[in-house]
Amino acid sequence: MPFLSDRITNRLLTALPRLGLSCFGLSLVSGIILAFVYRPVGNVFQNVEEITTRIPYGWFFRQFHYASGQMFVILMFAHTLEHFLKRRYRTYSSREWAVLILSLCLCFFVLFTGFILKGDKEGIFAGRIFMNLLLSIPIGGGVLSRVFIVPGESFFFLPYLYHCMILPFLIGYLIRKHVREWMPGQGSFFWATMGIFVYALLIDPFMDIPPDAPVNAVKGPWFFLGIQTLLKFLPPLWGGLLIPGFLVGCLFLLPLAGPFLQRFLHYLLVASLLLGTYISL
Amino acid sequence: MNRRGFLARVLWGVLCTIGAAISAYPVLSFITHKKITSKTVTFNPQDQASTVTYKEGVYLVKDGPTPYALSSTCTHLGCTLNYDVVAERFRCPCHGSVFDRSGKRLSGPATKDLRRIPLSQAENGDLVVVLEL
């Protein structure tokens with residue numbers, strides 16, 4: 001039986017990243033379709049509600065884009081986690097490892113910009129928190145924040161630019177080797193399409209909170225709930241940037257560390273991940 | 001690598017860095033140009049009926065003889081505050097900061113009081129606030 005379980009595990013570990021890559025392709029296609037109707041200026045919330053409720057099949061394309069994007073990042077995260085838990089940073093070159101971690105960070109950033117672009121109360125608050133976190137950097141924070149997001153009528157424009165133009169190209173470039181190697185796998189593309197299709201067909205989009213609706217508590221995206229909790233107890237610079245930045249930095253530097261430091265950083269990251277998951281749940 | 005080769009590499013590196021900085025500066029200045037925008041919020045006499053009124057990012061508070069305007073933006077990380085009528089407190093739905101009706105910070109991660117915005121009265125009785133974005 002161990003043979004069978006090994007075989008199943010290996011097949012899963014081979015299939016899941018390929019499914020993830022297929023989801024990336026599906027999110028690109030559905031994103032292009034949505035971009036014909038989505039407008040990042042004016043009343044964005046109203047525009048998203050129109051897409052969801054009035055425009056033919058809008059609800060389907062929105063759910064398809066949401067599900068394929070989420071699945072891509074979740075499977076990308078699982079792929080990175082597998083490499084991390086198997087301590088592949090010992091054998092990978094620091095450049096290869098940095099590309100893997102950078103791709104994952106960009107994947108989460110693309111999800112985050114998508115969360116802002118919903119245009120509802122949660123999205124607007126997430127954008128404002130992000131902007132104020134960057135503004136809390138003592139030197140150059142103001143300039144840096146304006147690279148990503150600006151207040152006023154263009155609030156959604158820069159996240160839109162990153163979500164649609166910059167990040168997909170960057171991610172595609174960073175994972176180009178996998179795209180070349182895995183894309184011929186038509187089976188995974190078929191199953192990914194079927195799974196996302198059924199999800200989009202059967203599951204209704206989440207209820208969006210209108211920007212002016214008073215609500216007692218607003219939650220950030222699931223992958224930032226740990227940071228949201230840290231921000232309740234720590235100053236913005238520490239809770240929102242320095243501690244998460246330190247952990248990501250440790251992840252980047254793993255291949256360069258000596259054996260003892262490597263082991264220490266490994267367990268530190270595992271503990272942080274477990275704590276973050278516990279808080280998120 | 002001999003000394004001449006090393007020096008040539010260092011010089012080349014310095015020149016490239018200076019070149020990159022010279023090219024990056026105008027690009028960065030262009031894309032991060034700060035455009036100051038503001039909007040006017042008007043509270044007409046009907047809006048002024050209750051003690052605390054919210055409109056487009058501003059809370060108008062009529063606590064005594066002189067009304068005042070408070071920014072509804074939490075001083076922690078910019079979420080819009082809710083007004084709790086029963087407790088007479090402003091509460092942040094994101095990270096839980098609490099402010100009293102005068103805008104004074106009471107608890108939570110925010111460290112500053114709410115920003116007071118100058119209020120002007122028009123001839124027809126409207127109270128006008130200019131909010132900088």
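Strands are DSSP runs of class E with at least two residues, numbered from the N terminus. Two strands pair if DSSP finds at least two bridges between them. With that in hand, look at chain B.

This is a predicted model. The predictor gives the complex an ipTM of 0.82 and a pTM of 0.89. Chain B has a mean pLDDT of 90. In chain B, 100% of residues reach 70 or more.

**Strands of chain B**

Strands E10(B) and E11(B) form a hairpin. Five residues lie between them. In the turn, B:Gly125 has a positive phi of about 95 degrees. Strand E11(B) also pairs with strand E1 of chain B. The table sets out both pairings.

| Strand pair | Sense | Bridges | One bridge partner pair |
|---|---|---|---|
| E1 (residues 38-43) and E11 (residues 127-132) of chain B | antiparallel | six bridges | B:Phe43 and B:Leu127 |
| E10 (residues 119-121) of chain B and E11(B) | antiparallel | three bridges | B:Gln121 and B:Leu127 |

**Domains of chain B**

Chain B is divided into domain 1 (1-33) and domain 2 (38-132). Their centres, taken over C-alpha atoms, are 49 Å apart.

**Where the chains meet**

How many residues of chain A are in contact with chain B? There are 20 residues of chain A, and they meet 15 residues of chain B. Helices H5 (121-135), H6 (141-148) and H10 (225-233) of chain A each supply at least two residues of the touching side. H5(A) gives the most, with six residues. By class, this side of chain A has 14 nonpolar, three polar and three charged residues.

Conventions:
Residues are numbered from 1 along each chain as its sequence is written. Chains are lettered from A and ligands numbered from 1 in the order in which they are written. This is a predicted model: local features need pLDDT of at least 70, side-chain atom pairs count only at pLDDT 80 or more; totals for chains, interfaces and linings use all residues. Helices (H or I, at least four residues) and strands (E, at least two) are DSSP runs, numbered from the N terminus. Domain bounds come from an automatic or database domain assignment. pLDDT is the predictor's confidence in each residue, from 0 to 100. Two residues are in contact if their C-beta atoms, placed from the backbone, lie within 7 Å. Ala, Val, Leu, Ile, Met, Phe, Trp, Tyr, Cys and Pro count as nonpolar, Asp, Glu, Lys and Arg as charged, and the others, Gly among them, as polar.
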